[in-house]
Amino acid sequence: GVLCLPDSLNLHKDQQRSNKPGEMQMFSQSELRTIEQSLLATRVGSIAELSDLVSRAMHHLQPLNAKQHGNGTPMHQKQGSLYWEPEALYTLCYFMHCPQMEWENPNVEPSKVTLQTERPFIVLPPLMEWIRVAVAHAGHRRSFSVDSDDVRQAARLLLPGVDCEPRQLKIDDCFCASRKLDAVATEAKFKQDLGFRMLNCGRTDLVKQAISLLGPDGINSMSEQGMTPLMYACVRGDEAMVQMLLDAGADLNAEVVSTAHKYPSVHPETRHWTALTFAVLHGHIPVVQLLLDAGAKVEGSLEHGEENYSETPLQLAAAAGNFELVSLLLERGADPMIGTMYRNGISMTPQGDMNSFSQAAAHGHRNVFRKLLAQPEKEKSDILSLEEILAEGTDLPDSAAAPLCASRNSKAKLKALKEAMYHSAEHGYVDVTIDIRSIGVPWTLHTWLESLRTSFQQHRRPLIQCLLKEFKSIQEEEYTEELITQGLPLMFEILKASKNEVISQQLSVIFTHCYGPYPIPKLVEIKRKQTSRLGKPDLKILVDPHFLNNKEMSDVTFLVEGRPFYAHRVLLFTASPRFKALLSSKPSSDSTCIEINYVKYPIFQLVMQYLYYGGAESLLIKNNEIMELLSAAKFFQLEALQRHCEIICAKSINTENCVDIYNHAKFLGVTELSAYCEGYFLKNMMVLIENEAFKQLLYDKNGETSGQNVLQDLQRTLATRIQSIHLSSSKGSIV
């Protein structure tokens with residue numbers, strides 16, 4: 001499409017509305033076109049060109065912003081104008097001028113990468129968008145200038161895939177007078193600004209003069225970010241200034257306000273934070289020590305018994321992995337069980353509870369996590385410490401869960417550790433997850449699967465073996481749809497990729513366990529249905545066995561292996577579609593002879609005997625003939641005889657012949673017998689995994705059936721079985 005200005009910025013319409021008799025036009029038509037081209041520019045050739053374009057654009061946009069301000073506050077146009085700092089122009093020039101690497105044609109192999117000096121218009125926004133977004137960020141800071149960071153924040157919003165970090169919390173960001181204040185309020189604001197700057201310069205000799213400038217609240221005055229001078233000193237880690245402010249009467253436990261009415265630039269994540277929280281966040285241990293010695297609340301703004309919606313200092317230290325800070329806070333009585341309740345902004349229902357255990361586990365800080373575990377419970381001091389259990393080095397003892405349930409506090413800690421176990425598994429820190437499991441915290445299916453996935457991706461064979469050994473400890477109530485959609489594909493992928501015998505054996509145990517103790521679903525006989533001469537269905541034709549292969553009165557002859565076999569059209573025509581097609585292709589005459597090339601004579605004789613005797617009850621089938629008879633029944637489309645052969649194969653299946661039966665069934669496309677064999681494989685996999693023929697079936701991709709397809713079929717059969725036993729509405733029904 002073509003880039004054009006929106007109606008609110010249409011220069012020609014604005015020019016027409018402003019034209020009145022006797023007034024001169026503000027711009028000529030050529031100047032209008034120049035300004036419009038400036039606003040729609042998407043790339044520049046030099047910093048000088050960009051500076052000129054921005055100057056032209058701001059000259060046009062600034063009066064429009066003044067018209068649309070609408071706040072009722074008198075403001076001189078020059079006083080309210082924004083200017084662009086040089087660094088902001090250089091940053092914008094980078095985004096509007098820098099080349100980028102692009103695929104020349106991704107559909108061509110091999111693809112070529114070329115250096116593009118101009119981005120397509122659909123990706124690179126016009127200058128008016130850059131100015132609009134950057135000015136909005138500057139206005140949010142109550143600033144009179146657009147700086148480099150405003151441009152970077154605009155790039156985050158306008159350019160897809162650009163990785164610019166959000167604006168960091170800075171001390172000087174909000175110390176600017178608001179344009180909406182009157183003269184008296186503006187003077188007070190500038191004095192407060194000066195007072196904050198004097199304190200932030202680190203000069204302890206200026207504290208008294210600075211306090212006199214801060215206003216009626218004095219040393220506890222708050223900036224537009226809702227922060228006191230003590231909080232800023234803690235951010236910098238200025239121990240001397242912190243001590244001076246404390247001596248001057250600074251409130252140790254003052255909180256960042258949560259309302260944005262009086263303090264519009266409060267960062268959402270810092271609400272209710274105290275000076276101690278800021279000191280911990282930036283890792284200033286001496287300042288933390290100083291604040292705690294002065295009587296700062298170790299839990300920050302949290303009051304006893306209230307829900308916590310901001311991080312405590314211990315949570316921040318645990319997330320950062322600062323072992324020394326965590327130790328110090330624990331010594332001063334910090335509670336690792338306190339969590340933060342998160343809300344989604346729409347519902348008032350809490351969305352989660354991230355305590356210090358979860359924070360340390362989610363970030364993989366193993367030593368910090370163990371330190372938190374060592375903290376004794378406040379009410380039950382006689383309970384065995386969790387770190388002492390870890391120090392024992394026991395191999396996942398069942399009795400380890402007992403100390404966790406000894407009191408109400410221990411039950412709460414067990415819940416907290418389950419939450420921490422989830423976060424460590426979710427973020428891929430398997431070692432922390434194993435530590436938590438080793439103290440008796442039970443597995444959930446999700447944490448087990450995520451730990452197994454991470455161990456497999458990291459090629460950590462000992463951990464894979466340890467986790468596979470632990471599968472049986474997962475309660476069957478935990479078997480959910482995730483086991484089918486995520487667990488089985490992962491475990492079969494491990495079986496396919498790993499040639500380790502121990503892992504293969506462990507996976508076989510898991511598959512057999514999941515298949516369950518119930519028998520393999522049986523194959524059911526199919527009742528043979530025929531139509532008599534009179535056209536009545538379901539009426540079995542009774543033929544005298546004397547007519548079988550009797551030349552007298554026969555009207556069709558089959559030639560099998562060079563030997564004739566005599567039969568009767570009236571019986572065969574309704575036996576199956578295959579016989580009907582064979583007979584229809586030959587004219588009806590006494591000399592009709594049909595050659596059969598696919599079946600041996602004794603097998604064909606059994607087929608005809610089945611048809612003439614009206615069933616398979618009287619057939620005497622040898623063991624070495626069953627496979628060929630199954631093939632013949634499939635070829636002649638005799639479903640009842642085919643099912644009878646499948647049942648005989650299923651009854652005679654064992655660890656020696658199961659692979660041959662399965663290969664034959666897959667070759668013929670006999671799905672029911674194939675599924676029965678797959679069930680037999682899964683139920684007896686612990687034995688079969690040592691069988692060379694079975695291993696070749698699984699892993700040999702050069703055979704008739706690739707190993708990958710066999711694994712997929714086994715996975716599908718096992719998924720159906722788990723679905724019927726554990727997940728269906730009628731649990732326990734066998735499919």
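Reader: Which residue stands opposite Phe-558 in E9?
Author: Ile-594 takes that place in E9. Keep in mind that this is a predicted model.

Reader: And what packs on that sheet?
Author: Helix H28, residues 601–613, packs there and touches E7, E8 and E9. The direction of H28 makes about 5 degrees with that of E8.

Reader: OK, what's the strand order in the sheet?
Author: The order is E8-E7-E9, in an open sheet of 3 strands with mixed pairing.

Reader: Which strands stand at the edges?
Author: E8 and E9 do. Each has a single partner strand, so one side of each has no neighbour in the sheet. On average, neighbouring strands here are turned by 30 degrees against each other, direction ignored.

Reader: Mixed pairing, you said. Which sense goes with E7 and E8, parallel or antiparallel?
Author: Antiparallel: E7 pairs with E8, residues 563–567, over 5 bridges. One of the facing pairs is Val-560 with Arg-563 in E8.

Reader: How many residues sit between E7 and E8 in the hairpin?
Author: There are 2 residues between them. Glu-561, in the turn, has a positive phi of about 50 degrees.

Reader: And E7 with E9, how many bridges there?
Author: E7 and E9, residues 593–596, run parallel and are joined by 4 bridges. Thr-557 has Cys-593 as its bridge partner in E9.

Reader: Why is E7 called largely enclosed?
Author: Because 4 of the 5 residues of E7, which covers 556–560, are buried, the strand is largely enclosed by the rest of the structure.

Reader: Back to Cys-593. Buried, partly exposed or exposed?
Author: Cys-593 is partly exposed, since its relative accessibility is 38%. Cys-234, by contrast, is at 0% and so counts as buried.

Reader: How many disulfides are there?
Author: The count is 0 disulfides.

Reader: Switching to charges. How many salt bridges does the structure hold?
Author: It holds 15 salt bridges. One of them is between the side chains of Lys-666 and Asp-713, at 2.9 Å from N to O.

Reader: Which residues get joined into one network by shared partners?
Author: Arg-366, Arg-370 and Asp-435 are joined that way, through salt bridges that share partners.

Reader: Is Glu-450 buried or exposed?
Author: Glu-450 is buried, because its relative accessibility is 14%. Arg-453 has a relative accessible area of 22%, so Arg-453 is partly exposed. The line for buried is under 20%.

Technical notes
Residues are numbered from 1 along each chain as its sequence is written. This is a predicted model: local features need pLDDT of at least 70, side-chain atom pairs count only at pLDDT 80 or more; totals for chains, interfaces and linings use all residues. Side-chain values use heavy atoms; hydrogens and water are left out. A salt bridge is a side-chain nitrogen of Lys or Arg within 4 Å of a carboxyl oxygen of Asp or Glu. Buried means under 20% relative accessible area, exposed over 50%, partly exposed in between (1.4 Å probe, protein chains only). Two strands pair if DSSP finds at least two bridges between them. A disulfide is a pair of cysteine sulfur atoms within 2.5 Å. Axes are lines fitted to C-alpha atoms, for helices over the stretch in contact, and angles run from 0 to 180 degrees between N-to-C directions. Contact means heavy atoms within 4.5 Å.
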